[in-house]
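Here are my notes for you to read with the model open on your screen. Take the points one at a time and look up each residue as you go.

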Amino acid sequence: MLDFLGDLKRTHMCGVLRAADAGKRAVLMGWVNRRRDHGNLLFIDLRDRTGVTQVVFNTDRDRVVHAKAETLRNEYVIAAIGTVKLRDANTINPNMPTGEVELAADELRILNESKLPPFLPSDTALTNEETRLKYRYIDLRRDVMQFNIETRHKVAKAIRDYLSAQGFFEIETPFMTRSTPEGARDYLVPSRVQPGTFYALPQSPQMFKQILMISGFDKYFQIVRCFRDEDLRADRQPEFTQIDLEMTYPQPESVWAVVEGFLTAAFAAAGYEIKTPFPRMDYDEAIRLYGIDKPDLRLPPFTDVRECFSAENLQELAINPNLPVIAIRIPKVGELSRKERDDIKPLFHSKGGARVYEDFKRIANKYPAAAEAISKKAGAEPGDLIVLVAGSTEKSSAQSGPQSAVSPHRKVTPQELAIYNSAGLLRLALAQKYAERHQCFQRGDFRFLWVTNFPMFEWDEHEKQWMAAHHPFTSPHEQDMKLLEEGVEALHDPLSPLGAVRALAYDVVLNGTELGSGSIRIHRQDVQRRIFRALGMSEEEAKARFGFFLEALEYGTPPHGGIALGLDRIVMILAGAESLREVIPFPKTARAVDLMVDAPTPVSEAQLRELGVAVKK
């Protein structure tokens, strides 16, 4: 028979009792985490979000209470009342913060029973993720998940406190707005009172936060939910949380200082100290040194070792002498077996005819002078793994999709970009494969970086037009306005000067993960119209999609800029988790399904008729 709580009040959380509390009366409430029956003595590990305390029921103390405790099972909710006692020296549990004490219970209230769960929060072996997500309320009781969600709370609070102290106002922006699809698809919400029309859930508060700057609020922030109807990966969710901020009259360095400040506070809340200011690197330099625009600085950069080979060497190896020859170095991996060398090839994804030369020992045997020069230039030490990536003398295959450096005006040519990209992806794949050997990925080793001066536009080979590399409200460099004007006259030319226009855009990167992107915005309507024209957008289309925003720009818009960082990603890194689903209380699966509430689901015909919506199967 279950008990009522009545006027009973909890005096202590389960994880806070210590030796200094011995002799105190205590009322603990929580879940039965574990039960051990030793005849006259019955031990219950009682759990709440703070931890576990051992509760002992003794027949010598009270037979009725002991008999009642015998009915307890895992995940029952109980209140235990008794006296805190020191454990005998030989029963102290050094692995528990409360391991020196126990609660000698003289009263028990069973507040609720529990069915046998499909898994227990105390299980050390995890069940499959689908079961965990279906029974998320059980999964969230696990100490790891409690820690992750507590970390999320502490991080969000630290960020709020820091930005508020810096004079930022937290302002909410609408969840239901107009559809202005940019890249990912919008989630649409039909309107009942305006039949045939739809709201969209925001992919970001971009235009609203810019309008707040036009409105004179000077400094805005929001920890905000955003929505994207896109294909999912481990680091993506259809609904996600970002730290969004905007400020007037900034230089990029002004935004960076604010971000470094709140990240310092956020990491301190999780127990870590980080160094500021973060290093900075141009996009082109990131591509040349790491092959990717979000470099992991824990690993050594590339080295171009083309000059280490003679012309005859390059010819024999079928290496294109006009393209970089990239040496990838992963420290302290040790000598690879034949099978391990063969395993490298499936990790390699060639772009534009790039080839991998995974057997450096073979190259050293055949070209000892070149190998010695490569090792010296790459800074290799005994035991380091060296793999080469180079362009093939065979005809390169055409690339498709957006390409961010196709203009001859830029420092990195399209052919070089293919080599750098291939090497960059392989570098990360090798580092992950041999992580246990090289030990570059140490917990708490945080390497931040600002990547700056991104290309303003990307050429889309499929659409045969230029696309916004960041978003269409990003300001170009003032020095590149002439290139923008010239490029607008060649909208459908992949060699247009548009490829050389640099954006006042910046990403903050941590250990190879992009935490956030930002930019200085366009605050002049004439420049904004020019950007829309460069994207092949007519004045009519621009007005239809962004008319309210273009009109707002006509009323004294100050220079402004900002950034948005993914809160989920930050917490994922701090928690040492493998997926965003580990730090979001109620996430979706990779198929965008909520298994716990079984959503999405069809709705009734009556609801559809009321909305004026028909479902076409």
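1. Let's start with a question: which residues of α6 are buried? Keep in mind as you look that this is a predicted model. The buried set is P252, V255, W256, V258, V259, E260, G261, F262, L263, A266 and F267. Notice that E260 is on that list, even though glutamate counts as a charged residue. For the spacing, remember that an α-helix has 3.6 residues a turn, so residues three or four places apart point the same way.

2. Stay with α6 for its length. The helix runs over residues 252-269, which makes 18 residues. From its first C-alpha to its last, α6 reaches 26 Å, close to the 26 Å expected at 1.5 Å a residue. After the helix comes G271, and its phi is positive, near 95 degrees.

3. The peptide bond joining T276 and P277 is cis, with omega at about -5 degrees. There is also a cis peptide bond between A599 and P600, where omega is about 5 degrees. P600 sits in the loop between α17 (567-575) and α18 (605-611).

4. That loop between α17 and α18 also holds D598. D598 is not a glycine, yet its phi is positive, about 60 degrees. You can find a positive phi at N511 too, about 50 degrees, and N511 isn't a glycine either. N511 belongs to the loop between β20 and β21 (513-520).

5. Now for the salt bridges: how many does a search of the whole structure find? The search gives 43. One of them brings together the side chains of E381 and K332, at 3.3 Å from N to O. This pair links distant parts of the chain, 49 residues apart. E381 is in the loop between α11 (368-378) and β15 (385-391), while K332 is in the loop between β13 (325-330) and α9 (338-347). Both partners are partly exposed: E381 has a relative accessible area of 45%, and K332 comes out at 43%.

6. E486 and K482 both lie in α14 (residues 481-488), 4 residues apart, about one turn of the helix. Their closest N and O atoms are 2.6 Å apart, and the two residues form a salt bridge. Which of these side chains is exposed, and which is partly exposed? K482 counts as exposed because its relative accessibility is 57%, whereas E486, at 34%, counts as partly exposed.

7. One more pair to find is R524 and D526, whose side chains meet in a salt bridge of 2.7 Å, N to O. R524 is partly exposed at 44% relative accessibility. D526 is partly exposed as well, with a relative accessible area of 36%.

8. Salt bridges can also join up into a network. In this model, R132, R136, D139, R142 and E582 are linked that way.

9. R47 lies in β2 (residues 41-48), and R47 is buried because its relative accessible area is 7%. Its side chain has a polar contact of 2.9 Å with the side chain of E75. D507 is in strand β20 (residues 505-510), and at 6% relative accessibility D507 also counts as buried. Between D507 and V451 there are 5.2 Å in space, C-alpha to C-alpha, although the two are 56 residues apart in sequence.

Notes:
Residues numbered from 1 in each chain as written. Predicted model: local features only at pLDDT ≥ 70, side-chain atom pairs only at ≥ 80, totals over all residues. Heavy atoms only, no water. Salt bridge = Lys/Arg side-chain N within 4 Å of Asp/Glu carboxyl O. Helix = DSSP H or I, 4+ residues; strand = E, 2+ residues; numbered from the N terminus. Buried < 20%, exposed > 50% of the residue type's maximum accessible area, 1.4 Å probe, protein only. Expected span 1.5 Å × (residues − 1). Polar contact = N/O pair within 3.5 Å; in protein donor to acceptor, adjacent residues only side chain to side chain.
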